[in-house]
Amino acid sequence: MNKVIKDHQTGLEGEAWVYRHEKERLKSLGQSKLAKKVRWVSKISDNLGYDIETYDKIDGVFERIYIDSHTI
């Protein structure tokens, strides 16, 4: 397997891990409805500049956040 293919596969595995982690993190916080809204957007388009749309508590309110798993 050449390096480009291996790097791409590694990136996909990382994105999948982040996606699953975010869904489980929100469920563990009692936010099952938000967990269902987590999206793996880079599977649809690479043009958005991020990979995962998820939610995090900011100033006491759950807000949408964007994760680029390549920077993790």
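Two strands count as paired if DSSP finds at least two bridges between them. Helices (H or I, at least four residues) and strands (E, at least two) are DSSP runs, numbered from the N terminus. This is a predicted model: local features need pLDDT of at least 70, side-chain atom pairs count only at pLDDT 80 or more, and totals for chains, interfaces and linings use all residues. Residues are numbered from 1 along each chain as its sequence is written, and side-chain values use heavy atoms, leaving out hydrogens and water.

**Sheet**
- Three strands make an open antiparallel sheet, in the order β1-β2-β3.
- β1 (39-40) and β3 (61-67) are the edge strands; each has a single partner strand, so one side of each lacks a neighbour in the sheet.
- Two bridges join β1 to β2, and R39 has E53 in β2 as its bridge partner.
- Seven bridges join β2 (residues 52-58) to β3.
- In β3, T54 is partnered by I65 and Y55 by R64.
- The β2 and β3 hairpin has two residues between the strands, and D59 takes a positive phi near 55° there.

**Helix and core**
- Helix α1 (residues 3-28) lies across β1, β2 and β3, at about 40° to β2. Axes are lines fitted to C-alpha atoms, for helices over the stretch in contact (heavy atoms within 4.5 Å); angles run from 0 to 180 degrees between N-to-C directions.
- The largest nonpolar core has ten residues, including W40, I52 and I67. Such a core joins buried Ala, Val, Leu, Ile, Met, Phe, Trp, Tyr and Cys residues through side-chain atoms within 4.5 Å; buried means under 20% relative accessible area (1.4 Å probe, protein chains only).
- α1, α2 (32-35) and β2 each supply at least two of its residues; α1 gives the most, with three.
- L34 touches L26, Y55 and F62, leaving aside residues up to four places away in sequence.

Definitions and conventions. Buried < 20%, exposed > 50% of the residue type's maximum accessible area, 1.4 Å probe, protein only.
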